[in-house]
Amino acid sequence: MGMPPILSPEDADRAVLLAAPRGYCAGVDRAVITVEKALDLYGAPVYVRKQIVHNKHVVADLEGRGAIFVEELDEVPAGETVVFSAHGVSPEVHRQAEARSLKTIDATCPLVTKVHHEAKRFANEDYDILLIGHAGHEEVEGTAGEAPEHIQLVQGPDDVAGIVVRDPSRVAWLSQTTLSVDETLETVAAIRERFPELLDPPSDDICYATQNRQLAVKEISAGTDLVIVVGSGNSSNSVRLVEVALEAGAHAAYRVDDASEIDETWLEGVSTVSVTSGASVPEELVNGVLSFLSDRGYPDARAVHSAEESLIFALPPELRRDLKAAGRV
Ligand code: SF4
């Protein structure tokens, strides 16, 4: 703990604003609980393809309890149980699992599954599908794998000029669930300028949690000296929160995995610090950042509410079935 902080006159103006909502979304919560319950029910090890959610602390914690994270299914011994991550997998991965007689539990977020269904429907209707997203992201790979012949990736407005389609009157767009809302609107506008008959997805692909966290970070960013976003570097929605904070008027914004990554110099001359976290971040990591600030003379955080969330997803049906059979529900 050390010495109590020595306050200077400027300290009276200090404030810490805490975004609400922040942190875990319904899809992440479900995915993490899925692995925990699978470990309880089947015993260690339980294999998980890719990081269950994009947070290194969550992954390390589950590893400590007996989960083994693999990149691809050929690393899983035949007959073992494997959990698919919240980001979703392509049909090819399901086929590989079947070929290797793996027992699978699919923790794909239902809101990602919704985008997969949209991709299949547009492909069945023979549309060219423009998938707005980031190359190499697992969710994009999974969605694109639903209809590889029909889907092409568009990473932003700069890609639009190079798009080649078979019939400009039969083009639809979809997106990754964790993009910047504003940037995606720009990209869609640029696509629509080229293809005026562009078909929209039936509902927003950018999920409620991504939208709410961006709205919340905007509320706490305008005019603030410093925004700290808790989240891992491979977490798309966390990285977007830093960008949104800067666009909304924060003087500086940084992403940290936890309080240990905060650079003391960021606080020099800073009165207002705003804090938020990505959709895959446990609240204890945010609490660590608030303690760090408190130890340096900042007051208790004031929550700024911009949306209420109450969504909960049921666990994957294959896990519920086994839990029920074992009398664990
Ligand atoms: S960020 Fe959205 S799409 Fe991703 S797991 Fe959470 S709710 Fe699902």
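Visitor: Hi! Which helix is E138 found in?
Guide: Hello! In this predicted model, E138 sits in helix 5, which covers residues 138-144.

Visitor: And is E138 buried or exposed?
Guide: E138 is buried, and it has no salt bridge. The nearest side chain of opposite charge belongs to K50, 5.4 Å away.

Visitor: What does E138 contact, leaving aside its neighbours within four places in sequence?
Guide: E138 is in contact with K50, Q51, H54, S85, H87 and G88.

Visitor: Back to K50, then. Which residue forms a salt bridge with K50?
Guide: E72 does, with the closest N and O atoms 3.5 Å apart. The two are 22 residues apart in the chain: E72 is in the loop between strand 3 and strand 4, and K50 is in the loop between strand 2 and helix 2. K50 counts as buried at 10% relative accessibility, while E72 is partly exposed at 31%.

Visitor: New topic: how do helix 7 and helix 8 pack?
Guide: Their axes are 9 Å apart, at an angle of about 30°, and the crossing is right-handed.

Visitor: Which residues meet there?
Guide: T210, R213, Q214, V217, K218 and S221 from helix 7 meet N237, R240, L241, V244 and A245 from helix 8. By class, that contact has 4 nonpolar, 4 polar and 3 charged residues.

Visitor: What salt bridge does R240 form?
Guide: R240 pairs with E243, the closest N and O atoms being 3.0 Å apart. Both lie in helix 8, about one turn apart. R240 is buried at 8% relative accessibility, and E243 is partly exposed at 27%.

Notes
Residues numbered from 1 in each chain as written. Predicted model: local features only at pLDDT ≥ 70, side-chain atom pairs only at ≥ 80, totals over all residues. Heavy atoms only, no water. Helix = DSSP H or I, 4+ residues; strand = E, 2+ residues; numbered from the N terminus. Buried < 20%, exposed > 50% of the residue type's maximum accessible area, 1.4 Å probe, protein only. Lys, Arg positive; Asp, Glu negative; His and termini not counted. Salt bridge = Lys/Arg side-chain N within 4 Å of Asp/Glu carboxyl O. Contact = heavy atoms within 4.5 Å. Axes fitted to C-alpha atoms, helices over the stretch in contact; angles between N-to-C directions. Left-handed = near helix turned anticlockwise from the far one by under 90°. Nonpolar A, V, L, I, M, F, W, Y, C, P; charged D, E, K, R; others polar.
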